[in-house]
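I opened this entry to keep a record of what I looked up in one protein model. The notes go from the overall fold down to single residues.

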Amino acid sequence: MTEPNELLQIVYVSSLAPGARIDAAAMLATARRNNGRDGITGMLFADGKRFLQAMEGPPEKVETTLSRIRRDPRHRAIVVLSKRNIAQREFGAWDMAHYDRADEGDFGTRVRELTSAASPAVRATIEGFVALRTERPD
């Protein structure tokens, strides 16, 4: 059981379902609206085929958000990489990183900035995934 002031942090990866399409701008707007309402912060990396998200906030809200994502037919092969209680937010205000080849030179720096307060394990997971996806996108 979590203490009243504890937050839950979940990091997961998923793949875009075959034939599914994502409107990145609409996805960002929906995520910001829902996360702001629910007190969830974190980071989302999306490259058009894969997603990596770290989200943190009140445990029941984070669990509900993950359940909603699991039901979303655009996602498949959802794997939770990390699930842990944290005493304070590691990602600050909600932000979404979106991979775009035009921003490649700046993108690694932005991801390092977004993960700078994260635990070493979470930071390594995110930075490693992003490096792999931006070096060898499939």
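The entries below follow the order in which I looked things up.

**Ground rules.** I worked from a predicted model, in which local features need pLDDT of at least 70, side-chain atom pairs count only at pLDDT 80 or more, and totals for chains, interfaces and linings use all residues. Residues are numbered from 1 along each chain as its sequence is written, and side-chain values use heavy atoms, with hydrogens and water left out.

**Overall fold.** I found four helices and five strands. Helices (H or I, at least four residues) and strands (E, at least two) are DSSP runs, numbered from the N terminus. Along the sequence they follow the pattern β-α-β-β-α-β-β-α-α. I looked up burial next: 43% of the 138 residues count as buried. Buried means under 20% relative accessible area, exposed over 50%, and partly exposed in between (1.4 Å probe, protein chains only). I also looked up contacts, meaning heavy atoms within 4.5 Å. Among those between residues at least 6 apart in sequence, 76% join residues at least 24 apart.

I asked how many of the six residues of S2 are buried. Six of the six are, so the strand is largely enclosed by the rest of the structure. Both faces are covered, with Thr-41, Met-43 and Phe-45 buried on one side and Gly-42, Leu-44 and Ala-46 buried on the other. S2 runs antiparallel to S3, and six bridges join them; two strands pair if DSSP finds at least two bridges between them. Gly-42 stands opposite Met-55 in S3. The hairpin of S2 and S3 has three residues between the strands, and Gly-48 there takes a positive phi near 95°.

**Nonpolar cores.** I noted the rule that, in soluble globular proteins, nonpolar side chains tend to be buried together. A nonpolar core here is a set of buried Ala, Val, Leu, Ile, Met, Phe, Trp, Tyr and Cys residues joined through side-chain atoms within 4.5 Å. The largest one has 15 residues, and Leu-52, Phe-91 and Ile-126 have the most contacts inside it. The elements that give it two or more residues are S1, strand S2 (41-46), S3, helix H3 (104-115) and helix H4 (120-135). H4 supplies the largest share, four residues. I then listed the contacts of Ile-126, leaving aside its neighbours within four places in sequence: Met-43, Leu-52, Ala-54, Phe-91, Val-111 and Thr-115. A second, separate core has nine residues, including Ile-40, Met-55, Val-62 and Ile-78.

**Helix H2.** Pro-59, Val-62, Thr-65, Leu-66 and Ile-69 are buried in H2. Seen down the helix axis, the buried residues fall within an arc of 130°, so they line one face of H2; the arc is that of the directions from the helix axis to the C-beta atoms. They pack against strand S1 (7-16), helix H1 (24-38), strand S3 (50-57) and strand S4 (75-86). I checked the length as well: at 1.5 Å a residue, the 13 residues of H2 (residues 59-71) should span 18 Å, and the end C-alpha atoms are 19 Å apart, which agrees. The expected span is 1.5 Å times one less than the number of residues.

**Salt bridges.** The structure holds five, each being a side-chain nitrogen of Lys or Arg within 4 Å of a carboxyl oxygen of Asp or Glu. Asp-38 bridges to Arg-37, with the closest N and O atoms 2.9 Å apart. Asp-38 is buried at 9% relative accessible area, whereas Arg-37 is exposed at 54%. Asp-38 also bridges to Lys-61, the closest N and O atoms being 4.0 Å apart. This pair links distant parts of the chain, with Asp-38 in helix H1 and Lys-61 in helix H2, 23 residues apart. Lys-61 counts as partly exposed at 33%. Glu-63 bridges to Lys-83, with the closest N and O atoms 2.7 Å apart. Here Glu-63 in H2 and Lys-83 in strand S4 are 20 residues apart. Glu-63 is partly exposed at 29%, and Lys-83 is exposed at 52%.

**Ser-15.** Not counting residues up to four places away in sequence, Ser-15 touches Lys-49, Arg-50, Phe-51, Arg-74, His-75, Arg-76 and Ala-77.
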